Amino acid sequence: MAPTPLIFEMSRPGRPGVRLPGLDVPSRPVESLLAGAALRRAPPALPEVGELEVVRHYTRLSQLNFSIDTNFYPLGSCTMKYNPRVNEKSAALPGFARLHPQTPPEASQGALELLWQTERILAAIAGMDACSLQPAAGAHGEMTGLMVVRAFHSETPQGRKRRLVLAPDSAHGTNPASCTLGGFAYKEIKSNRHGLVDLAELKKHLRDEVACLMITNPNTVGQFEESIEEIAALVHGCGGQVYMDGANMNAIVGAARPGDFGVDVMHLNVHKTFSQPHGGGGPGAGPIAVKKHLEPYLPVPVVARRGDSFVLDSARPKSIGRVRCFAAHFGVYARVYAYLRSLGPEGLRRLSQHAVLNANYIAARLKDTYPLAYDRPCYHECVLTGERFKKYGVRTMDIAKRLIDHGFHPPTVYFPLIVHEAIMIEPTETESRETLDAFCDAMLAIAAEAKAAPEKLHAAPTTRSVGRFDEVTAAREPRLRWRSHDGHPPAPHP
Ligand SMILES: Cc1ncc(COP(=O)(O)O)c(C=O)c1O
């Protein structure tokens with residue numbers, strides 16, 4: 001397939017897409033309106049392209065997109081989940097979509113009620129006492145939760161010395177990053193042979209400086225931390241808090257509540273569990289839920305109920321303050337609320353059951369060919385290894401690239417870091433058995449190719465408009481800006 005040109009390359013001087021009507025007011029030289037630095041020295045380097053070419057260009061580009069709406073997208077951990085259209089429809093209702101963020105509470109009661117109710121439903125699902133919808137992504141939720149923990153500890157002289165966060169070595173990369181941003185030191189705890197927190201290792205690190213344990217449950221290898229109650233008791237015993245990265249709640253909604261197994265504070269990734277396209281760090285939402293003792297520290301403003309009305313309450317002296325502008329990413333929660341209400345408690349429970357069933361189905365079909373990193377039933381995702389194909393000169397990256405030729409988006413690869421040649425597959429709850437089978441058939445066909453014709457995998461993908469990148473050059477010499485054929489950058493801006 002020929003590469004798609006950039007719209008700048010299609011540009012021909014003097015070929016307009018739009019004709020503006022003649023002026024019906026007296027013209028004035030631009031210098032009389034703008035002066036100095038604000039004045040452009042040269043016209044902007046906009047492409048000159050006819051309307052039909054513009055339409056075709058962007059339609060072609062949209063068709064190159066690989067998306068959950070067109071194909072299976074089993075990205076482990078980052079989760080590309082189908083979002084029912086009714087959620088989009090709800091978010092697009094004019095009363096929601098046209099609401100200005102500065103609208104005073106008196107004139108936005110419906111929207112505030114939606115946020116208030118969503119908080120309560122999410123807190124109930126998590127088994128927690130209060131919830132804040134403010135954080136704009138899972139990672140932002142982590143940082144906000146850690147700020148809450150810090151504010152809590154800051155109340156006592158002993159607590160102020162607690163600057164260490166413990167976390168298992170299977171943790172998502174955002175966990176250490178959030179700790180650093182939150183002003184904590186970070187210490188990894190080795191996992192045991194089942195991919196779970198090693199209790200003996202944990203005990204070695206429990207001491208007075210521990211602010212909290214940051215634990216993902218189910219964790220990033222798709223396993224439920226079976227000793228979570230014991231782990232929580234140990235951490236509490238040394239005066240620490242238990243933070244749960246609840247990104248993987250889609251495996252246990254309606255089956256287990258973190259508040260019941262000892263968690264003090266957690267975040268939820270709504271894009272993974274409650275319908276919302278993945279914002280890639282924002283604009284999304286990573287609400288946090290807390291137990292009663294941490295509620296005073298939640299960010300302001302808090303959506304509060306006063307009789308039959310809803311207000312934005314900022315009179316919370318212990319609050320960590322604002323972590324974003326306005327009360328929340330409202331459009332995200334319009335979707336989340338529609339999802340929660342349309343599924344209801346039973347539907348949400350079944351969502352998790354199906355997510356777990358689908359992941360186990362894939363694991364069962366593939367594990368003889370691609371061994372499981374931890375050979376036991378999994379939750380929402382299964383982690384396989386491509387280790388055995390190394391002897392044919394084939395790496396996990398080659399398997400992933402070849403999947404593209406078979407029409408599938410590759411799963412997450414090389415994560416979690418504790419699994420060699422990791423292939424992390426998360427099918428989500430909405431895929432049919434036929435789709436799962438087609439994917440497994442492709443994985444098995446690729447395994448056969450790896451032995452018989454590894455060069456096919458090395459060359460993959462060969463059926464797309466873009467082939468395999470030279471990733472080293474792309475990282476070392478990134479070309480991030482368009483230049484014309486003669487190497488000139490776009491016309492300079494003032
Ligand atoms: C386990 C885990 N923690 C944290 C995150 C970070 O979430 P976000 O991408 O919304 O910042 C992810 C990503 O989905 C995740 O899988």
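Modeller: Start with a term. A polar contact is a pair of N or O atoms within 3.5 Å; within protein, one must be able to donate a hydrogen and the other to accept it, and residues adjacent in sequence count only if both atoms are side-chain atoms. Now some ground rules. This is a predicted model, so local features need pLDDT of at least 70 and side-chain atom pairs count only at pLDDT 80 or more, while totals for chains, interfaces and linings use all residues. Residues are numbered from 1 along each chain as its sequence is written, and side-chain values use heavy atoms, with hydrogens and water left out.

Colleague: Which atoms lie 2.7 Å apart at Ser77 and the ligand?

Modeller: An N or O atom in the Ser77 side chain and an oxygen atom of the ligand.

Colleague: What about Gly138 and Ala139?

Modeller: Both use the backbone. A backbone N or O atom of Gly138 sits 2.8 Å from a ligand oxygen. For Ala139, a polar backbone atom is 2.9 Å from an oxygen atom of the ligand.

Colleague: How much of the ligand does the protein bury?

Modeller: The protein buries 96% of the 390 Å² that the ligand exposes when taken alone. Accessible areas come from the Shrake-Rupley method with a 1.4 Å probe; for residues, only the protein chains shown count as cover.

Colleague: Which elements give two or more residues to the shell?

Modeller: Helix 5 (138–153) and helix 10 (270–273). Helix 5 gives the most, with three residues. Helices (H or I, at least four residues) and strands (E, at least two) are DSSP runs, numbered from the N terminus.

Colleague: How many residues surround the ligand?

Modeller: 14, and the closest are Ser77, Gly138, Asp245, Asn269 and Lys272. A residue is near a molecule or strand if one of its heavy atoms lies within 4 Å of it. The shell divides into four nonpolar, seven polar and three charged residues. Here Ala, Val, Leu, Ile, Met, Phe, Trp, Tyr, Cys and Pro count as nonpolar, Asp, Glu, Lys and Arg as charged, and the others, Gly among them, as polar.

Colleague: New topic. Where are the cis peptide bonds?

Modeller: One joins Asn217 and Pro218, with omega about -10°. Pro218 is in the loop between strand 4 (210–216) and helix 9 (228–237). Another joins Ala460 and Pro461, with omega about 0°. Pro461 is in the loop between helix 14 (454–459) and helix 15 (471–476).

Colleague: Why point those out?

Modeller: Because most peptide bonds are trans, and most residues other than glycine have a negative phi.

Colleague: So which residues have a positive phi?

Modeller: Thr79 has a phi near 50°, and Thr79 is not a glycine. Thr79 lies in the loop between helix 1 and helix 2 (85–91). Thr428 also has a positive phi, about 70°. Thr428 is in the loop between strand 12 (422–425) and helix 13 (433–452).

Colleague: Is Thr79 buried or exposed?

Modeller: Buried, because its relative accessibility is 2%. Buried means under 20% relative accessible area, exposed over 50%, and partly exposed in between (1.4 Å probe, protein chains only). Thr428 is buried too, at 1%.

Colleague: How many salt bridges?

Modeller: 23. A salt bridge is a side-chain nitrogen of Lys or Arg within 4 Å of a carboxyl oxygen of Asp or Glu.
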